[in-house]
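Dear colleague,

Please find below the structure that I am handing over to you. My notes on it follow directly after it.

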Amino acid sequence: MSQPSMSRMTPVERAALASVYAARRWQVLRLAVPGLLIYTLVLVPVSSVALAASTLLQMLLSGALFGVALWATATRRVELAAQLALVGTFLTSVIITINTGPIDGTLQSGTLVALTAFLLPIILAGILASPRVVVVVTGASFAFSALLLAVTPLSANAQATLHLRVNALLVIVPLLAQMGAGFLSFAGTYGFRRMQRDLADVRLAYAREKETEQLREQFIASVNHELRNPIMAVQHYLVMAQTLGSQGKLEEQQRMLQSGTEVAERLTKLVQSILEIRRLHTVTDLDLKPIALAPLAWQAARMLALLSPGNRQLVQVQIPNDLAVLAETEHLQEVLGNLLANAAKYSPPNSPITIAARPLSLREAQVLRPGRLPAEKLGFVEITVRDQGMGIPPDKALIIFEPFVRLSRDEGSPVIGSGLGLAICRANVQAMHGDIWVESAGIPGEGSTFHIVLPRAADQPPPTRRLDGKGAEHGA
Amino acid sequence: MAAHTVLVIDDDPYIVDVISSALRIYGDFVVSVAMDGAAGLERCMAERPDVVVVDVGMPRMDGFQLVRALRGDPQTADLPIVILSARVQEKDQLIGLMSGADCYLTKPVSPMQLVEAIRLAASLAQEERAERAMNMADYPLPAEHNLADDEES
């Protein structure tokens, strides 16, 4: 299971994950403190007695400890297993140090060496909670113990207490025990990691669901609001048409019916847009692929010509032939189509509309839109759609991307719109890990420039037909 | 009785059209319109309508702000105000009434219902004005005089 990439998440999701991983730093104290208590309160006195009695007894003691740890691991008592492994490793290292006697072969010096040589690295491994670090630490301490056993003679203390003269057993058992400890620590930290990831998944799913739920509620509220106006208008027009008909005022009745039909059409468009934005809210993971940008832009320009034959705007495409973005074709097409249609709608006939694109390095992108873009290896592509139309007042530059927002100057104007086009664009671009914004002085004639930034993909060689990317023109 | 004048303030041109048509067809009201809150306030001050019908969600100044502005001005403090909004939540209705509206209607409302509500608001206000005029007769002192006294003390 791969860990989800933090950079591709919404702030809410990132916060949910951070709360899970913040727990790791404290987890080690929960593991180490009870382990140290067990050691000082129980095992020090017991092992002191054992030391005086028999080295074999010490080994049996640590063996028993590992037995319990193994059982705890097998039954998925992860915390207990990790604690026992910690104490077991510590005890074994004490035994080894005392028996080989590199300093003076006493319990105190053994504890000291064990503390610095074994416990600190284990705590470090615990803080990092990484199975890999545990493997390295165990390997290092195993090598250290083996070296110690190989180069130093048995201490006088050990010789005096050694009733069984089986040197091999004395060497092999602690080493095996230490390997066991390493294995258990590994199992413990690995299990902890797994648990943490599972928990992260659950938290993430929860955060996503909560966010979606909020969006859904917000959506339902605004839909409810948006539908009431046209419904009331249709209802009024019909009732009034009836009244006027019964009064014999046929001309006025005709006007009511005409207006009612217009509003009903608006209602139909609104419902269609609502279904579209509804679909957007349910899409979370798009299948993003490298897409050559230039052909897509040409297609959008041709679509504009087909859909609005009355418009006589000149669409210029200025996109390098092999420039490609990581995107989903239909969603990107919808964005370009909407932006071009908007540009055509709000600018005078025969004025040029330019769609251009340029590669953007990661640093440039982050300077341009700080904190709003993920860290993409290949950098980004900036697409701009520029028109010479009415422009957008700077104070409305953010709000126009919200659903159902239309500029007051367009209310009641002949330009038809539901206030959803740009909201759909923003949702699409964000679903493709990009960003969209508009620049405009709000002065009629100076127009506006919509910017889209999308992750860059490796260059795509142009398909069969060669396109001239430099200032080619297309009469729409 | 002279026809009442009604000022309709709503940013949706179709809503403005249906309300003014309904007021003409089902009543003998004289209607004027404004397409946003700020324009509505200006017209209100200039035309002194008998009743104001206000939407809530509007550009420049929303309906609640407009109602508060009207209530805050002594010249329009008694003006009958009907809020007609697509916001149906209890919270919004409370805000509307606490801002000083006389009546809060939610869209959609039938034409007859709307016209009756406006007629009622207009006649209630008329009664109130008549009553106040009668009460005022009991207090012959002009308001300026009282104010001057207060300032001296």
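A residue is called buried under 20% relative accessible area, exposed over 50%, and partly exposed in between, with a 1.4 Å probe and protein chains only. By that scale B:R48 is partly exposed, with a relative accessible area of 40%.

This is a predicted model, in which local features need pLDDT of at least 70 and side-chain atom pairs count only at pLDDT 80 or more, while totals for chains, interfaces and linings use all residues. Residues are numbered from 1 along each chain as its sequence is written, chains are lettered from A and ligands numbered from 1 in the order in which they are written, and side-chain values use heavy atoms, leaving out hydrogens and water.

Backbone

Most residues other than glycine have a negative phi, and most peptide bonds are trans. B:R48, however, has a positive phi, near 50 degrees; this residue sits in the loop between α2 (37-47) and β3 (51-54) of chain B. Helices (H or I, at least four residues) and strands (E, at least two) are DSSP runs, numbered from the N terminus. A:H433 also has a positive phi, near 65 degrees, and belongs to the loop between α12 and β6 (435-440) of chain A. The peptide bond from B:K107 to B:P108 is cis, with omega near -5 degrees, and B:P108 is in the loop between β5 (103-106) and α5 (111-138) of chain B.

Confidence

The predictor's confidence in each residue is the pLDDT, from 0 to 100. Its average over chain A is 72, and 51% of the residues score at least 70. Among the elements of chain A, the mean is lowest in strand β8 (residues 472-475), at 42, and highest in strand β5 (residues 380-386), at 93. Residues 1-6 of chain A stay under 50, and the model gives them 10 contacts (heavy atoms within 4.5 Å) beyond four places in sequence. Residues 161-168 of chain A are also below 50, with 13 contacts beyond near neighbours in sequence.

Interface

How many residues of chain B are in contact with chain A? There are 24, and they meet 23 residues of chain A. Buried area is the accessible area (1.4 Å probe) that two parts lose on being put together, summed over both. For chain B and chain A this comes to about 2,100 Å², 64% of it on carbon and sulfur atoms. On the chain B side, B:Y14, B:V18 and B:I25 lose the most area to chain A, together 28% of what that side buries.

With kind regards
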